[in-house]
Every structure is written in structure tokens, then in C-alpha cells.
Amino acid sequence: MSSLTGTRRVPVSQRTERRSPRPRNSLTHPPAAGLALVTPAMLFVGVFVLVPLVFAAYISLTNWPLIGAYRFIGLENYANLFQDPAFVHAIGYTLLYTAIVTVPILALGYFLAVLIRARRKGSTVLRTIFFLPYVVGLTTLSFMLVLEAQPNSGAVNLVLKALHVTDGTTAWLVNAPLATLLICVLVVWAVSGLTMVLIMSAMQGIPDEVYESAALEGASWWQQERLITMPMIRSTLALSVIISVIGSLLAFNQFFILTQGGPGTATTTIVNYIYDRGFVNLQLGAATAESIALVVVTGAVTAFQFWALRERD
């Protein structure tokens with residue numbers, strides 16, 4: 001039929017080659033549109049993150065007094081980091097506080113997640129009650145504890161007196177060990193709700209069939225938790241530990257409200273010390289150097305935790 005009409009059938013491959021090429025700015029390859037979309041985010045990061053970070057690095061190389069003239073002193077602030085005994089004490093106290101609260105937060109959060117996971121009647125109410133302290137926040141809870149820890153009138157002393165633990169006149173916030181104990185209990189109670197939610201979300205991703213098979217094999221509850229649940233939520237447990245450690249290293253609000261670092265400097269954390277150095281003593285250059293050192297150390301600790309707690313084949 002083609003020979004009669006004088007036309008020639010063109011192969012499919014040649015017809016495909018003759019089609020007009022796809023424009024570069026198509027819906028699947030829109031470089032200009034993509035650049036326009038990411039530019040606001042890049043500007044935001046540049047203006048509010050990178051520029052302040054560079055400026056902070058410059059301030060750390062000066063003796064910036066917050067008010068008045070300043071001069072460039074190079075790395076002197078960094079060289080003097082550990083010359084102040086109060087700063088060294090703040091580091092040690094912060095590490096001690098971190099070590100005290102990390103394990104209880106994880107343990108209590110895991111226990112609460114197991115309790116809620118059972119899906120018993122009222123578990124939704126319990127979940128809300130356990131998570132409520134974290135929603136209220138450490139700042140609000142700390143202000144409440146200032147009132148409840150007062151001698152003779154606070155609820156803490158009244159309850160302990162009723163239990164015959166104390167005589168009801170204990171001054172919790174002017175005694176360093178007692179203040180540390182009280183703050184640690186407050187933090188564990190307030191933050192374990194977040195750990196509970198994280199762990200419970202990971203537990204809900206484990207199929208019920210896995211537990212049913214283990215039960216048929218005669219595995220006890222503890223064996224199921226140790227051999228099934230914990231390995232399968234290892235990444236979430238690691239995330240919970242990392243969040244807890246970072247929050248503890250950067251602790252400020254509860255100490256500032258409850259003890260203001262006292263008595264003396266006994267309960268001064270690193271961030272409390274930096275705050276006093278910069279905004280009380282008006283030594284902003286030295287405080288900025290200490291802040292940058294804290295950021296670097298926190299990043300190093302976090303990286304080590306990611307490495308130590310990573311998933312292993």
C-alpha cells in the first residue's frame with residue numbers, strides 16, 4: 001500500500017529522534033524554580049545562623065565588655081578557659097548531673113512505655129498524665145517547685161514529714177546535695193514522658209506476630225523484652241539517650257530558677273557559668289569563647305554517641 005501512494009514508512013526509532021527535545025525548564029527539571037524555592041531558606045540560614053556564628057567567633061577573639069570599647073586579643077580567651085577554678089567546677093558538676101539523670105530518664109521512660117503498650121483500659125489517660133509534665137515544661141515546674149520546697153510550708157516537706165522521713169523543716173534549695181537531688185528528681189519526672197512517647201512509638205512498630213511466636217516457643221516476658229523489643233528499638237533507645245545527654249549538658253532553667261547556682265557556686269552548670277560571665281560580669285568575649293567550646297564539646301559527645309550506639313550488623 002505504501003508503494004502505491006508513494007510514501008515511505010519511517011522507522012519508529014527515526015520518528016523518536018525527530019521529536020523536539022524536552023525543554024530544560026520542564027516540570028521534571030526546573031532548576032530556576034528549585035533555586036527560587038530554596039533561596040528563602042538559604043537566606044534565613046545565612047542571616048540567622050551563619051552570620052551570627054561568624055560574628056560570635058570574632059567576639060570570642062576579643063575582650064568584648066558588652067558595654068564600651070573592646071580590642072582584639074586573639075586566642076587568649078581560649079587559652080584561659082581552664083584557668084578559672086569555677087569553670088572547671090561547673091564542668092565537673094554538669095557531667096555529674098548528666099550521669100545522674102540519664103539512666104533514670106531512660107529506665108522510667110521505658111517502664112512507662114511498657115505500661116502504656118499493654119493497651120489496658122485507661123491507658124490513654126495514663127499516657128496523657130505521664131506526658132503532661134513535659135508539656136508543662138521545666139521552667140513552669142521549677143517555679144512551682146520553688147514554692148513547694150519551702151521549709152515548713154512546702155508540699156515536699158509536708159509529705160516527707162507525714163511519711164516520717166524528715167521533720168518538715170528541711171531547706172532543700174540552700175543545701176547543694178539536697179538541691180541537686182531535688183532537681184534531678186524533678187528533671188527525671190518531667191523529661192521521662194518524652195522518652196516514653198519515643199519508645200512507645202517504636203514499640204508499636206513491632207508486629208504482634210513476633211511476640212506470639214516467641215510466646216509459643218516458651219519465651220518469658222523478660223526474654224521477649226531483652227531478645228525482641230530492645231534489639232528492634234535500639235535506634236530509638238540511642239536517640240533517647242542522645243537527647244537526654246544533650247539536654248543535661250545544656251541545663252540552665254531549672255538551676256537558674258531554683259538555686260541560681262548556689263549556695264556559692266556549688267550547683268553552677270556550664271551554661272549558668274557562661275551566663276554569669278557574659279551578662280553579670282559583662283565579659284562577653286570570654287563567655288562567647290566558652291560557649292563555642294561548649295558547642296564543640298557537645299557536638300563531639302553527640303558524634304561519639306552516634307558512633308557507639310549505631311546499629312551493628
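V49 counts as partly exposed, at 43% relative accessibility. Partly exposed means between the cut-offs for buried, under 20% relative accessible area, and exposed, over 50%, with a 1.4 Å probe and protein chains only. V49 sits in helix α3 (residues 31-59). Helices here are DSSP runs of H or I with at least four residues, strands are E runs of at least two, and both are numbered from the N terminus. V49 also belongs to a nonpolar surface patch, together with F44, V45, V47, F48 and L50. The patch has about 580 Å² of accessible area in total. Its members must have over 30% relative accessible area and no salt bridge; nonpolar side chains (Val, Leu, Ile, Met, Phe, Trp, Tyr) are joined within 5 Å, like charges within 9 Å.

This is a predicted model, in which local features need pLDDT of at least 70, side-chain atom pairs count only at pLDDT 80 or more, and totals for chains, interfaces and linings use all residues. Residues are numbered from 1 along each chain as its sequence is written, and side-chain values use heavy atoms, without hydrogens or water.

Now the whole protein. The model has 15 helices and 0 strands. Of its 313 residues, 35% count as buried. The accessible surface comes to about 19400 Å², and 68% of that belongs to carbon and sulfur atoms. These areas come from the Shrake-Rupley method with a 1.4 Å probe; for residues, only the protein chains shown count as cover.

Helix α9 (residues 176-203) holds I183. I183 is buried, with a relative accessible area of 0%. Beyond its neighbours within four places in sequence, I183 is in contact with Y97, Q254, F255, L258 and T259. F255 is 72 residues away in sequence, yet the C-alpha to C-alpha distance is 7.6 Å. T195 is buried at 5% relative accessible area. Its contacts, again leaving aside neighbours within four places, are I105, L106, G109 and S240.

How many salt bridges does a search of the whole structure find? There are 2. The criterion is a side-chain nitrogen of Lys or Arg within 4 Å of a carboxyl oxygen of Asp or Glu. One joins R117 and E225, at 2.5 Å from N to O. R117 lies in helix α5 and E225 in helix α11 (residues 221-232), so the pair ties together parts 108 residues apart in sequence. R117 is partly exposed, at 22% relative accessibility. E225 is buried, at 1% relative accessible area.

E290 and R277 form a salt bridge as well, with the closest N and O atoms 2.6 Å apart. E290 lies in helix α15 and R277 in helix α14, so this pair ties together parts 13 residues apart in sequence. E290 is buried, with a relative accessible area of 4%.

R277 is one of its buried residues, along with I270, N272, Y273, I274 and G278. An α-helix has 3.6 residues a turn, so residues three or four places apart point the same way. The buried residues of α14 pack against α5 (85-117), α13 (253-258) and α15 (284-308). After α14 comes L282, which has a positive phi, near 60°.

Key: Contact means heavy atoms within 4.5 Å.
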